Amino acid sequence: MLLVEDISTMLGVQRNVLEGIGIQEIQEAVDGQDAVSKLNFNPDLILLDWNMPNMDGHGFLKHVRSLDQFKTTKIIMVTSESEKSKIIEAIKTGANSYIIKPFTPEVLKEKLKDLKLMG
């Protein structure tokens with residue numbers, strides 16, 4: 001899986017949550033541009049922040065959805081952006097789900113179950 005987050009403390013928190021629910025193979029990227037450079041593998045899941053320098057999450061989402069090999073990759077926007085218009089924009093652009101920070105491990109588990117990535 002690919003975890004894209006520019007704030008190191010949030011990155012650590014999200015990594016701990018993921019490891020706590022059994023996800024061990026985690027690649028990290030600090031912004032959308034860094035994430036593009038790490039797409040040499042085919043992640044089954046991308047957790048993506050919206051507000052980042054260089055290339056924001058929305059720009060990365062547009063880019064990754066334009067590539068055939070990532071059409072079925074599950075992408076969850078994990079962001080503090082809670083405006084309904086932002087959520088709609090992310091889903092229209094290709095996000096499979098949306099989590100508003102801060103979140104609990106249970107929220108992430110539920111989203112992964114909804115996306116059939118967890119039993």
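Which residue of S3 does Val4 stand opposite? In this predicted model, Val4 stands opposite Leu48 in S3, and the strands that carry such facing residues are the subject of this report.

Residues are numbered from 1 along each chain as its sequence is written. Because the model is predicted, local features need pLDDT of at least 70 and side-chain atom pairs count only at pLDDT 80 or more, while totals for chains, interfaces and linings use all residues, and side-chain values use heavy atoms, with hydrogens and water left out.

**The sheet**

Five strands form an open sheet in the order S2-S1-S3-S4-S5, and the pairing is parallel; strands here are DSSP runs of E with at least two residues, helices are runs of H or I with at least four residues, and both are numbered from the N terminus. Two strands are said to pair if DSSP finds at least two bridges between them. The edge strands are S2 (27-29) and S5 (97-100), each of which pairs on one side only. From one strand to the next, the twist averages 20°. Strands of a sheet pair through backbone hydrogen bonds, either parallel or antiparallel.

| Strand pair | Sense | Bridges |
|---|---|---|
| S1 (residues 2-4) and S3 | parallel | three |
| S3 and S4 (residues 74-79) | parallel | four |
| S4 and S5 | parallel | four |

Strand S4 is largely enclosed by the rest of the structure, because five of its six residues are buried. Lys74 is found in strand S4, and at 26% relative accessibility Lys74 counts as partly exposed. Leaving aside neighbours within four places in sequence, Lys74 is in contact (heavy atoms within 4.5 Å) with Asp44, Leu45, Ile46, Asn96, Leu115 and Leu117. Lys74 and Gly22 are 52 residues apart in sequence and 17 Å apart in space, C-alpha to C-alpha.

**Helices H3 and H4**

H3 lies across S1, S3 and S4, running at about 175° to S4. H4 packs on the sheet, touching S4 and S5, and its direction makes about 145° with that of S5. Such angles run from 0 to 180 degrees between N-to-C directions, and axes are lines fitted to C-alpha atoms, for helices over the stretch in contact.

Helix H3 (residues 57-65) and helix H4 (residues 84-93) pack at an angle of about 20°, with their axes 9 Å apart. That makes H3 roughly parallel to H4, a class that takes in angles under 35 degrees. At their contact, His58, Leu61, Lys62 and Arg65 in H3 meet Glu89, Ala90 and Thr93 in H4. By class, this contact has two nonpolar, two polar and three charged residues, where Ala, Val, Leu, Ile, Met, Phe, Trp, Tyr, Cys and Pro count as nonpolar, Asp, Glu, Lys and Arg as charged, and the others, Gly among them, as polar.

Terms used. Parallel < 35°, antiparallel > 145°, perpendicular 65-115°, else oblique. Buried < 20%, exposed > 50% of the residue type's maximum accessible area, 1.4 Å probe, protein only.
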